[in-house]
Amino acid sequence: MSGDPLDSYSATVIRVAAAVTPLVAALEMTGTGRAGRRTGGAGSAVLFTSDGYLLTNAHVVGGAASGHAVFADGTSTAVEVVGADPLSDLAVVHGRAPTAAPADMGDAESLRVGQLVIAVGNPLGLSGSVTAGVVSGLGRSIPVWSGRNRRVIEDVIQTDAALNPGSSGGALADARGRIVGINTAVAGVGLGLAVPVNATSRRIIASLLKDGRVRRAYLGLVNTPVQLQPSAVVRTGRRQGLLVVEVLPGSPAERAGLRAGDILLKVGQVSVSNAESLQKLLFAEAIGEPLDLAVLRDGTELRVVAVPAEMTENQ
């Protein structure tokens with residue numbers, strides 16, 4: 001039947017897949033690190049400019065300086081790494097200018113839990129891999145391992161759209177075909193995570209294009225958005241905050257006395273209620289500067305001063 005909801009759903013996924021698949025390349029990075037070890041990895045990348053710049057994951061690039069990209073139509077190009085930012089798990093590579101128009105970059109701020117999203121990857125040997133699902137969570141922050149170092153990736157989108165091996169760095173699109181996230185396969189089976197395309201990630205991409213790196217301030221918190229209890233709303237005048245799930249050992253947050261279970265309400269004069277609202281305050285200008293934090297702990301509002309450090313490869 002033409003009115004069957006499944007037909008409408010299928011039509012949307014097919015249309016988005018047809019529009020986005022040509023813009024997602026299979027990416028294979030090559031390079032040599034210490035002791036002759038191979039560096040870099042394989043994944044996907046999304047064409048986002050008309051002159052051949054592609055967006056992917058920092059963990060796909062690894063320590064490589066160059067690689068090779070192959071699009072779904074078989075066209076290929078050598079690529080050079082422009083820059084990578086492990087804290088956001090974003091990287092930019094550059095290859096030969098393609099004939100296809102670049103992806104339409106959207107804004108993840110418009111996403112809602114339950115909204116349809118389509119994940120498009122181009123793993124080597126699995127050209128044009130497409131899965132669909134819904135947004136199942138927003139504003140997450142997750143700890144991940146990068147070699148021997150533990151990092152926190154902020155403000156990820158959680159979706160039940162399955163990610164196939166090699167889909168890291170591929171596109172997460174909305175029902176209109178706009179790219180709202182870059183898939184990052186750092187979760188288990190049945191749980192997909194994507195770095196959002198928003199004002200903060202656009203600032204990161206601009207820094208990578210200009211300087212090849214992003215200087216970031218580092219607090220060392222794993223956090224998640226939380227609604228305050230009614231009694232706390234009355235006392236603080238705020239309805240939302242960031243629940244501190246974990247404080248990383250040796251971090252500025254630990255030195256400032258922050259604890260798991262604290263609820264972060266304000267940073268300086270700015271209220272924080274999601275990972276992006278905190279992340280956008282932690283760029284280069286915050287490094288080494290005392291930062292006044294308003295924290296709710298066991299029902300009592302406290303003032304804590306933290307001094308963010310610069311994010312390094314050892315943190």
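1. Let's start with E5 and strand E6 (residues 90–94), which pair in the antiparallel sense over five bridges. Pairing here takes at least two DSSP bridges between two strands, and strands (E, at least two residues) and helices (H or I, at least four) are DSSP runs numbered from the N terminus. Glu-80 stands opposite His-94 in E6. The two strands form a hairpin with four residues between them, and Asp-89 in the turn has a positive phi of about 60 degrees.

2. A word on the model: it is predicted, with local features needing pLDDT of at least 70 and side-chain atom pairs counting only at pLDDT 80 or more, while totals for chains, interfaces and linings use all residues. Residues are numbered from 1 along each chain as its sequence is written, and side-chain values use heavy atoms, leaving out hydrogens and water.

3. Ala-69 has Thr-77 as its bridge partner in E5. Five residues lie between E4 and E5, and Gly-74 in that turn has a positive phi of about 95 degrees.

4. Strand E3 (residues 53–56) joins E6 through four bridges, again in the antiparallel sense; Leu-54 is bridged to Val-93 of E6. Helix H3 (residues 199–211) packs on the sheet, touching E3, E5 and E6, and its direction makes about 40 degrees with that of E6. Contact means heavy atoms within 4.5 Å; axes are lines fitted to C-alpha atoms, for helices over the stretch in contact, and angles run from 0 to 180 degrees between N-to-C directions.

5. Now the whole barrel: six strands close it in the order E1-E2-E3-E6-E5-E4, with antiparallel pairing. Direction ignored, neighbouring strands of this sheet are turned by 40 degrees against each other on average.

6. Where does Ser-129 sit? Ser-129 belongs to strand E8. Ser-129 counts as buried because its relative accessibility is 11%, where buried means under 20% relative accessible area, exposed over 50% and partly exposed in between (1.4 Å probe, protein chains only). Leaving aside neighbours within four places in sequence, Ser-129 is in contact with Ala-119, Val-120, Gly-121, Pro-123, Asn-164 and Ser-167.
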